[in-house]
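Q: I'm new to reading protein structures. Could you walk me through one, feature by feature?

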Amino acid sequence: MSDTKTVRFGLLGCIRFASKFVRTVTQSSNAVIIAISDPSLETAKTFAAANNLSPETVTIYGSYDELLNDENVDAVYLTMPVTQRGKWAVTAAEKKKHVLVEKPPAQDATELEKIVEACESNGVQFMDGTIWLHHQRTVKIRDTMFDSRLLGDVRHLYSTMTTPVPEQVLERLTKEAMGLAGAIGELGWYPIGAALWAMSYQMPISVRALPSSVSTNSVGTILSCTASLEFGSTATATAIVHCSFLSQLSTDLAISGSKGSIQMNDYVIPYKEDTAWFEYTSGAKFVDMHIGWNVTPEKVTVDCGGTAETQEAMMLREFTRLVEGIKRGDLEADRRWAEISKKTQLVVDAVKKSVDIGCEVVHL
């Protein structure tokens with residue numbers, strides 16, 4: 001029987017980005033990487049060498065199946081292309097491995113539902129890798145601005161995730177590698193998720209991709225898109241979300257409420273690893289003659305206490321806490337994370353559908 005205090009991870013996919021996860025696990029006190037795998041054994045060996053993963057303590061596999069058959073592995077981290085994640089996440093769950101998967105976790109809501117069902121039926125934890133949700137700043141905003149009602153009701157928000165890709169690479173971004181949603185899934189997952197988070201995961205009643213915002217490459221992969229989201233029912237609010245491989249790096253989140261507003265320009269990955277901040281304004285109005293404001297934004301800083309408290313570390317801590325509890329028999333899998341993923345995926349799918357039907361309104 002394995003030690004319930006240590007979660008033993010296996011990596012499915014040895015892309016360069018996975019090095020960040022290795023670093024986080026290495027700095028953790030209750031997790032360890034014991035196996036890595038890639039369809040190319042040479043790629044896996046190169047990754048192991050580059051990340052100081054010794055073959056004496058880490059088993060290197062040249063296939064995902066081999067790793068998933070390793071009974072010593074408790075949980076897996078999936079980083080392969082989104083077009084492959086659905087199959088291997090389901091297989092991992094069926095092998096009783098807890099599933100931490102990069103975002104987007106699936107190509108569409110149907111595929112994601114199969115992943116979640118596999119995890120639930122096998123009693124394993126599911127979580128996608130949306131790290132900013134775990135940042136202490138995110139928690140601070142929820143506590144001080146939302147739960148305290150300092151912000152009031154959300155009326156409008158604007159969120160982006162853009163990052164430039166060299167022109168010669170844009171044509172190589174195929175649907176086979178990127179998934180059917182292209183940038184909407186790969187990048188739009190963040191601003192769409194931010195909109196849902198700000199609305200306490202109330203689903204929009206409609207979405208629409210803005211016609212002039214949609215750009216594709218020669219093979220039809222979506223490279224850029226802006227969409228409007230309309231929320232109704234218990235609250236009335238709107239959101240504009242933008243994602244693009246054609247613009248300079250931006251991760252903006254601005255939320256306007258009935259009593260105040262919040263602004264961040266680094267909500268996905270903070271400017272600095274060990275600290276983060278946001279600005280808020282409450283009770284703002286123009287002074288007489290409209291020559292200025294009666295208040296200036298207040299900057300709220302959150303100290304992350306070094307690498308042990310980064311958003312990656314906090315995500316790992318939450319995931320391993322759940323896995324440890326399940327291993328001990330004290331906890332059941334927390335379905336909240338799957339519900340967040342499913343709602344995000346539904347909106348991603350709706351924006352993609354709007355693009356497909358000529359940027360018409362899609363009702364949810």
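**A helix, its end and some rings**

A: Let's begin where a helix stops: just after H12, Gly358 has a positive phi of about 80°. Helices (H or I, at least four residues) are DSSP runs, as are strands (E, at least two), and they're numbered from the N terminus. Keep in mind that this is a predicted model: local features need pLDDT of at least 70 and side-chain atom pairs pLDDT 80 or more, while totals for chains, interfaces and linings use all residues. Residues are numbered from 1 along each chain as its sequence is written, and side-chain values use heavy atoms, with hydrogens and water left out.

Q: How far does helix H12 (residues 336-356) reach from its first C-alpha to its last?

A: The expected span is 1.5 Å times one less than the number of residues. H12 has 21 residues and reaches 30 Å, close to the 30 Å expected.

Q: How many aromatic pairs are there?

A: Rings of Phe, Tyr and Trp (its six-membered ring) pair if their centres lie within 6.5 Å; planes under 30 degrees apart are stacked, over 60 edge-to-face, and the rest tilted. That rule gives nine aromatic pairs here. One of them joins Tyr64 and Trp88 edge-to-face, with 5.1 Å centre to centre and 75° between the planes. Tyr64 belongs to helix H3 (residues 64-68) and Trp88 to helix H4 (residues 82-94), 24 residues apart.

Q: Are Tyr64 and Trp88 buried or exposed?

A: Buried means under 20% relative accessible area, exposed over 50%, and partly exposed in between (1.4 Å probe, protein chains only). Tyr64 and Trp88 are both buried. Phe146 and Trp197 make another edge-to-face pair, at 5.3 Å centre to centre and 65° between the planes. Phe146 is in helix H6 (residues 136-146) and Trp197 in helix H10 (residues 189-198), so this pair ties together parts 51 residues apart in sequence. Both Phe146 and Trp197 are buried.

Q: Which charged residue lies over the face of Trp277?

A: A charge sits over a ring if NZ of Lys or CZ of Arg is within 6 Å of the ring centre and within 35 degrees of the ring normal. For Trp277 it's Lys299, at 4.3 Å from the ring centre. Likewise, the charged end of Arg336 sits over the ring of Trp337, 4.3 Å from its centre.

Q: How many disulfides does the structure hold?

A: A disulfide is a pair of cysteine sulfur atoms within 2.5 Å. This structure holds zero. For Cys243, the nearest cysteine sulfur is that of Cys225, 5.5 Å away. Cys243 counts as buried, at 5% relative accessibility.
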